[in-house]
Amino acid sequence: MRRPLDALNFFLADVRDGLGPYLAVYLLTVQKWDEASIGIVMSIAGIAAILAQTPAGALIDSSQFKRGLVVTGAILVMISTLVLPLFPSFSMVAGLQAVSGAAGSIFQPAIAAITLGIVGPQAFTKRTGRNEAFNHAGNATAAILAGATAYFLGPIVVFYVMSIFAVASLISVMMIPASSINHDVARGLIDANESKHRPSAWSILLTDKPLLVFAISVTLFHFANAAMLPLVGQKLSLQNGELGTTYMSGCIVAAQLVMIPMAILVGAKADRWGRKPIFLAGFLILPLRGFLYTLSDDAMWLIAVQALDGIGAGIFGALFPIVVSDLTRGTGHFNVSQGAISTAIGIGAALSTSFAGFIVVRAGYNSAFLFLAVIATIALALFWLAMPETYSEESDSGPQTAPEAA
């Protein structure tokens with residue numbers, strides 16, 4: 001199952017993340033929206049994802065049709081993307097982004113569940129690192145294609161690049177045999193005969209202190225992080241509107257190229273070094289980025305600083321499902337826990353773009369970046385002081401599939 005999983009993570013990368021900062025560039029340079037309106041629309045997409053995350057995780061826990069859920073989500077994102085340029089009014093853009101955000105909430109927990117169900121817990125850390133490496137490679141490839149073609153065809157080209165990747169992701173997920181997925185293992189259940197472990201029970205989310213600390217920490221992380229790239233894209237677009245999408249692609253490619261080795265590092269070392277030391281490095285880089293953005297408006301400087309996002313995001317993307325798997329091992333609540341924490345993350349990300357947009361309108365870009373840096377510092381302190389190490393020797397045991405499946 002190695003190659004189909006590789007292909008799915010590669011092609012779904014662009015679809016999973018949505019239009020994001022590209023939408024901000026398009027609305028700013030082509031539709032002439034102001035930053036506050038752009039922030040509101042992006043927050044609406046985030047709110048839709050928030051409302052869908054936990055139900056999506058519960059659905060994945062109980063569903064025997066995980067591939068079908070990925071297919072449905074990809075189709076909805078593709079349709080929303082293709083229709084948006086045809087109806088660029090505020091209400092239509094907001095509605096389409098809400099559909100896209102809700103549909104996209106299925107991808108991360110579904111891929112993690114499919115992976116766990118195929119390779120089992122012992123190979124999960126290494127396979128997750130590989131998943132994220134292909135995810136970042138896919139994002140980098142899509143960004144290069146978008147940046148190169150947008151130079152000649154304009155910002156609208158990103159809508160079509162994403163649609164092509166969506167079609168490829170549909171083909172990739174159907175290449176994974178349904179019989180290869182152990183659905184009990186996919187939800188973190190060790191013994192399928194333990195009737196007390198019912199899928200998607202909610203009590204564990206409120207009674208597990210480390211899970212709550214983790215949720216709060218990563219919510220603050222994403223509150224600080226979510227608005228940074230869109231703000232950088234807007235600054236670059238204001239310098240040269242014709243090159244806004246190309247600059248944005250440069251930012252994304254720079255970060256994604258750093259994320260690939262970071263994801264591989266997590267897969268190779270997280271079981272040796274532990275989760276917390278690596279995660280702390282990801283938290284540490286975020287306030288540094290927020291400060292560095294304020295030092296210069298030069299395009300090359302901003303793109304270089306954005307490359308540092310590859311460290312934080314590369315670590316986060318690979319370690320997030322691993323830590324949740326550690327914390328929920330044996331409960332059968334892996335996917336609903338992912339969904340609940342992703343809901344919290346979505347709240348942070350949605351508030352981030354709105355807050356940052358209003359700060360930019362009233363006090364400028366530097367004030368917004370410094371505000372986000374302060375939030376990032378709080379997230380770092382909380383994780384450092386309150387979050388325990390989640391790795392244990394038990395993480396390396398459990399039901400397994402054949403080694404070649406990894």
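**View 1. Serine 63 and its contacts in the predicted model.** Looking past the neighbours within four places in sequence, you will find serine 63 in contact with Leu69 and His183. Serine 63 belongs to the loop that runs between α3 (35-62) and α4 (66-83). Its relative accessible area is 10%, and because buried means under 20%, serine 63 counts as buried.

**View 2. Alanine 224 in helix α11.** Helix α11 covers residues 209-225 and holds alanine 224. Here the relative accessibility is 0%, so alanine 224 is classed as buried. Setting aside residues up to four places away in sequence, alanine 224 touches Leu286, Leu372, Ile375 and Ala376. Take a look at isoleucine 378 too: this residue lies 154 residues from alanine 224 along the chain, yet 9.7 Å separates the two C-alpha atoms.

**View 3. Phenylalanine 214 and the largest nonpolar core.** This core has 84 residues, and Phe214, Phe279 and Ile341 are those with the most contacts inside it. Beyond residues up to four places away in sequence, phenylalanine 214 touches Phe279 and Ile341, along with Phe320, Val323, Val324, Leu327, Phe383 and Met387.

View 4. Tryptophan 301 sits in helix α15, which spans residues 299-307. With a relative accessibility of 32%, tryptophan 301 is partly exposed.

Technical notes. Residues are numbered from 1 along each chain as its sequence is written. This is a predicted model: local features need pLDDT of at least 70, side-chain atom pairs count only at pLDDT 80 or more; totals for chains, interfaces and linings use all residues. Side-chain values use heavy atoms; hydrogens and water are left out. A nonpolar core is a set of buried Ala, Val, Leu, Ile, Met, Phe, Trp, Tyr and Cys residues joined through side-chain atoms within 4.5 Å. Buried means under 20% relative accessible area, exposed over 50%, partly exposed in between (1.4 Å probe, protein chains only). Contact means heavy atoms within 4.5 Å. Helices (H or I, at least four residues) and strands (E, at least two) are DSSP runs, numbered from the N terminus.
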